[in-house]
Amino acid sequence: CEEKIMVRKTKEEAQETRLAILDAAERVFHENGVSRTSLDEIAKAAGVTRGAVYWHFTNKAALFDALMLRLLEPLEARLTELRSGEGNPINALRELTLYVFNRMVSDPSYYRILEISLNKCEYVGEMATIRAKHVECGKRFLAICQEHFRIAKERGYVHASVDPECAAIGM
C-alpha cells in the first residue's frame with residue numbers, strides 16, 4: 001500500500017514539474033520570443049535542471065506545442081460542442097467568439113500564449129512542424145464556421161448573397 005502512495009506522489013510531483021516548466025516557458029517565451037529562448041533559460045526560470053526539461057519535452061518545439069495546447073484544447077473542446085441544431089447557427093458562432101474574447105480579457109495566460117504564437121514565434125526549422133499542426137486546427141475552425149454560415153443561409157438567418165466561405169474567413 002505504501003508503494004502505491006509513493007508512485008502516486010511521484011506522478012503528482014512530475015506533473016507539478018511539468019506545469020512549472022510550462023509556466024516558465026510561457027514567461028520566458030513572452031519576454032524573449034521563442035527563437036531567442038534556450039531550454040537552459042526555461043529550466044532556470046522553472047527552478048529545475050535542463051535534464052528535467054528534456055525528461056518532459058524532447059525539444060523546444062515539443063515544449064512550445066504543449067504550451068500551445070493550453071490555448072487550443074479549450075478552443076477545440078468548444079469547437080466540438082458547436083453543432084448546429086435547430087434555430088440560428090450564428091448564435092453558436094457568436095458564443096464561440098465571445099468565449100475567445102472573454103478568455104483574452106480575463107485570462108492573462110491565455111492572452112500571453114496567443115501573443116507568443118502570433119508575434120513572438122518564427123515558424124521555421126523545428127517549429128515548422130508545429131505550425132502545420134496549428135494550421136490544421138485553423139482549417140477545422142474555418143470549416144466549422146463555414147458550415148454554420150451555410151446552414152444559416154439555407155435557413156434564412158443571413159442574406160442570400162452571403163458567401164459562407166467569405167463569411168467564415170471574415171470571422
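Trainee: What's the lining of the largest pocket made of, by class?
Mentor: It has 17 nonpolar, four polar and two charged residues. Nonpolar covers Ala, Val, Leu, Ile, Met, Phe, Trp, Tyr, Cys and Pro, charged covers Asp, Glu, Lys and Arg, and the others, Gly among them, are polar. A pocket is an open set of points on a 1 Å grid over the protein atoms alone, where a 1.4 Å probe fits, with protein on both sides within 12 Å along at least five of seven lines; lining residues have an atom within 4 Å of a point.

Trainee: What should I know about the model itself?
Mentor: This is a predicted model, where local features need pLDDT of at least 70, side-chain atom pairs need 80 or more, and totals for chains, interfaces and linings use all residues. Numbering runs from 1 along each chain as its sequence is written, and side-chain values use heavy atoms, leaving out hydrogens and water.

Trainee: OK, back to the pocket. Which residues lie nearest its centre?
Mentor: L72, L75, L114, G138 and F141, out of 23 lining residues. The elements giving two or more residues to that lining are α4, α5 (90-106), α6 and α7. Helices here are DSSP runs of H or I, at least four residues, numbered from the N terminus.

Trainee: Which of those gives the most to the lining?
Mentor: That's α7, with eight residues.

Trainee: New topic: how many aromatic pairs are there?
Mentor: Two. One is F29 with F64, an edge-to-face pair at 6.1 Å centre to centre, with 65° between the planes. Rings of Phe, Tyr and Trp (its six-membered ring) pair if their centres lie within 6.5 Å; under 30 degrees between planes is stacked, over 60 edge-to-face, the rest tilted.

Trainee: Is F64 buried or exposed?
Mentor: F64 is buried, at 0% relative accessibility. F29 is buried too, with a relative accessible area of 0%. (Buried is under 20%, exposed over 50%, partly exposed in between, using a 1.4 Å probe and protein chains only.)

Trainee: And what about F64 and Y123?
Mentor: Their ring centres are 6.1 Å apart and the planes are at 65°, so that pair is edge-to-face. It also links distant parts of the chain: Y123 is in the loop between α6 (108-119) and α7 (128-154), 59 residues from F64. Y123 is partly exposed, with a relative accessible area of 22%. F29, F64 and Y123 form one aromatic cluster.

Trainee: What else is F29 in contact with, leaving aside neighbours within four places in sequence?
Mentor: Contact means heavy atoms within 4.5 Å. On that basis F29 has V34, T37, I42, K60, L63, F64, L67, I116 and K120.

Trainee: Let's pick I42. Where does I42 lie?
Mentor: In helix α2. I42 counts as buried, at 0% relative accessibility. The C-alpha atoms of I42 and F29 are separated by 8.6 Å, with the two residues 13 apart along the chain.

Trainee: What does I42 touch, not counting residues up to four places away?
Mentor: I21, A24, A25, V28, F29, T37 and L63.
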